[in-house]
Amino acid sequence: MRPLRNPIIQTSMAWILSEWMRFCYATIRWEYENEQVAEEVWAEGGGVLCAFWHSRLALAPACWPMKRAQPVKGLVSLSADGEFFARAVGRLGIPAVRGSSSNKDKAKQAKGGTQALRDGLKQLKVGGLALTPDGPRGPARQMAEGLPLMARISGAPVLFIGLSCKPAIRLNSWDKAVLPLPFGKGAVVWDKAWYPEGVDMSEVVADWTGRLTAVEARADVLTGLERV
């Protein structure tokens, strides 16, 4: 049995991860760039899509000020790893919307994806929905159509969020995930867009892929984290 499929181990590890993330977020010296676009969204309230690349998933909760921003949920895959992460970020005040685009069972994949779309659109009527448009299995920094599709249907703005920290641990995973270490330097860089009328989906995907990569690259410049 994989360790994360054991409920007791999963719960214990999720607690450890959430407390470690909380400690790191509190001790990192954060720098923010172009935050006014996010402040406008927080002040207005309502639905917003929050996008960041999968490699920065462990940094994402640090970018959302719970006391002044609208409530946010995270779109998390249906896998055992997804359940583990959902428990961890849930302890940080971010509930999960569950869905997956990589389930090996096509029937389950279709059911999970449809339900995630429904739940995600429902959440966008009242608050934020955070998602990784290259997740859950990549390829890294290649955007699927889920994000622009939700933006088109809901009419909600999209916040592109670049996240970085140094020092950090780099995992040998498909996305080369970044895990924070305490007492370092962190950066959050913002950009914002709405789905443009009359534009082909493929053009939006290409444009938004470049914009999301750009804010992440800028965050790495601010912290000095090496790009991989």
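This is a predicted model: local features need pLDDT of at least 70, side-chain atom pairs count only at pLDDT 80 or more; totals for chains, interfaces and linings use all residues.

Student: What makes a residue "buried", and what makes a stretch a "helix"?

Tutor: Buried means under 20% relative accessible area, exposed means over 50%, and partly exposed is in between (1.4 Å probe, protein chains only). Helices are DSSP runs of H or I with at least four residues, strands are runs of E with at least two, and both are numbered from the N terminus.

Student: Why is α1 called oblique to α3?

Tutor: Axes are lines fitted to C-alpha atoms, for helices over the stretch in contact, and angles run from 0 to 180 degrees between N-to-C directions. Under 35 degrees counts as roughly parallel, over 145 as roughly antiparallel, 65 to 115 as roughly perpendicular, and the rest as oblique. The angle here is roughly 50 degrees, and that makes α1 oblique to α3.

Student: Which residues make the contact of α1 with α3?

Tutor: From α1 there are P7, Q10, T11, M13, A14, L17, S18 and M21, and from α3 there are A80, E83, F84, F85, R87, A88 and V89. Contact means heavy atoms within 4.5 Å. These residues divide into 10 nonpolar, 3 polar and 2 charged.

Student: What makes α5 roughly perpendicular to α6?

Tutor: Helix α5 (residues 146-154) and helix α6 (residues 201-223) pack at an angle of about 115 degrees, with axes 9 Å apart. That angle makes α5 roughly perpendicular to α6. Their crossing is right-handed too. On the α5 side you'll find L147, P148, L149, A151 and R152, meeting M201, V204, V205 and W208 in α6. That contact divides into 8 nonpolar, no polar and 1 charged.

Student: How do you know that R68 and E35 form a salt bridge?

Tutor: A salt bridge is a side-chain nitrogen of Lys or Arg within 4 Å of a carboxyl oxygen of Asp or Glu. R68 and E35 have N to O at 3.4 Å, and their side chains meet in a salt bridge. R68 is in the loop between β2 (48-51) and β3 (72-76), E35 is in the loop between β1 (29-33) and α2 (36-44), and the two are 33 residues apart. As for R68, 46% relative accessibility makes it partly exposed. A search of the whole structure finds 16 salt bridges.

Student: Where does R56 sit, and which residue does it bridge to?

Tutor: R56 bridges to D220, with the closest N and O atoms 2.9 Å apart. R56 is in the loop between β2 and β3 and D220 in helix α6, 164 residues apart. Both R56 and D220 are buried.

Student: Is E216 buried or exposed, and why?

Tutor: Buried, because its relative accessible area is 1%. E216 forms a salt bridge with R227, the closest N and O atoms being 2.8 Å apart. R227 is in the segment after α6 and E216 in helix α6, so the pair ties together parts that are 11 residues apart in sequence. R227 counts as partly exposed because its relative accessibility is 30%. Salt bridges that share partners join R56, R141, E216, D220 and R227 into one network.

Student: Why is T132 called buried?

Tutor: Its relative accessible area is 13%, so T132 is buried. T132 lies in the loop between β5 (128-131) and α5. Leaving out residues up to four places away in sequence, T132 touches F52, W53, H54 and L57.

Methods
Residues are numbered from 1 along each chain as its sequence is written. Side-chain values use heavy atoms; hydrogens and water are left out. A crossing is left-handed if the near helix is turned anticlockwise from the far one by less than a right angle, and right-handed if clockwise. Ala, Val, Leu, Ile, Met, Phe, Trp, Tyr, Cys and Pro count as nonpolar, Asp, Glu, Lys and Arg as charged, and the others, Gly among them, as polar.
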